Amino acid sequence: MIHIKRLQEDGTDVVALVGEIDASSSIDLDLAIAKSVGENFTKILIDCSALEYISSAGLGVFMSYIEEFKEKNISMVLFGMNEKVSNTFEILGLNELLLIASDKAEAKKMLA
Amino acid sequence: MIYKQKVGCKLENLKPLRDFIRESLALHGVHELHISEIVLALDEMCSNLMIHAHHCNPQDLFELQIDIQPNKPVVFEIIDDGTVFDINQFDEPALGNLIHDKRKGGLGIRLVKSIMDKVEYSQRNGHSICRLEKKVRKGVE
């Protein structure tokens, strides 16, 4: 079960993920990011501080946007992951492909 | 000690299944990071089974068994009547290809193979068994 909250700060879309993302809920993450892209945001922050779990279905959603973000010049930074969630990204080497910051301040700097 | 759980094939059952795995391993003092990796791999195997072999039919059941013995790798068995989805027959797709194709799937096989020490398939009493093994560390080291 995942709750996704979106709020806009200084032209940046901040997407907060609360709960667990698995095969039953990864569609919600996909829809939230698609909405952000559809609303023409070019700076997206993903707040993972309340994300308790992510399965490969959720990781796959992030990965599926990498190419589109490059084409559209969109930058996305994930921040605030707990150790277990960040380990999941590392197992698959996604930490090399996505921008990941430890906190929001650092994430904002990486967007610029 | 053997722990068993029967699961209906709907994706909403993944969460209670993850809780069952976490709780069983935690009872034996398995290191937390190992627990989270194992949960990830089994979530992947079971969601694949629900989606690809059972088309998310909640009436179809499979069983997950966890066998934890001192000084031995933990053995997980997914016991099912359905079609086997043998991940050993699939190569892990290169990350670059997945990104290029904008694919959302395909990561799971990579994940299971990198987390588990062994994945084997067999038949027993008319059931398909997927057996996974993982050496685990105990406690916080």
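Predicted model: local features only at pLDDT ≥ 70, side-chain atom pairs only at ≥ 80, totals over all residues.
For chain B the mean pLDDT is 88, and 89% of the residues reach 70 or more.

The sheet behind this helix can be taken next. Chain B has an open sheet of 5 strands, in the order S1-S2-S3-S5-S4, with antiparallel pairing. Its edges are S1 (2-8) and S4 (118-124), each of which pairs on one side only. On average, neighbouring strands of the sheet are turned by 20° against each other, direction ignored. In general, the strands of a sheet pair through backbone hydrogen bonds, either parallel or antiparallel.

Two of the strand pairs can be followed in detail. Strand S2 of chain B, residues 61-67, is joined by 5 bridges to strand S3, residues 74-80, and the two run antiparallel. Across this pair, B:Ile66 stands opposite B:Phe76 of S3(B).

How many of the 7 residues of S4(B) are buried? The number is 0, so this strand lies largely in the open. S4(B) is also one of the edge strands.

In soluble globular proteins, nonpolar side chains tend to be buried together. The largest nonpolar core in the model has 65 residues, and B:Ala41 and B:Cys46 have the most contacts inside it. Helix H2 of chain B (residues 32-53) gives the most to this core, with 10 residues. The surroundings of B:Cys46 show which parts of the chain meet there. Neighbours within four places in sequence left aside, B:Cys46 is in contact with B:Val7, B:Leu14, B:Leu17, B:Leu64 and B:Ile78. Of these contacts, B:Val7 falls in S1(B), which spans 2-8.

A compact globule of 112 residues would have a radius of gyration near 13 Å; chain A has 13 Å, which agrees. Along the principal axes, the C-alpha atoms of chain A fill a box of roughly 30 × 25 × 25 Å. Of the 112 residues in this chain, 42% count as buried. Among the contacts in chain A with a separation of 6 or more, 70% involve residues 24 or more positions apart.

Which elements of chain A touch chain B? In total, 22 residues of chain A are in contact with 25 residues of chain B. On the chain A side, helix H2 (56-72) and helix H3 (83-91) are the elements that give two or more residues. H2(A) gives the most, with 9 residues.

How values were computed:
Residues numbered from 1 in each chain as written. Chains lettered and ligands numbered in written order. pLDDT = per-residue confidence, 0-100. Pairing = 2+ DSSP bridges. Helix = DSSP H or I, 4+ residues; strand = E, 2+ residues; numbered from the N terminus. Axes fitted to C-alpha atoms, helices over the stretch in contact; angles between N-to-C directions. Core = buried A, V, L, I, M, F, W, Y, C linked by C-beta atoms within 7 Å. Buried ≥ 20, exposed ≤ 12 C-beta atoms within 10 Å, placed from the backbone. Contact = placed C-beta atoms within 7 Å. Rg over C-alpha atoms; globule rule 2.2 N^0.38 Å.
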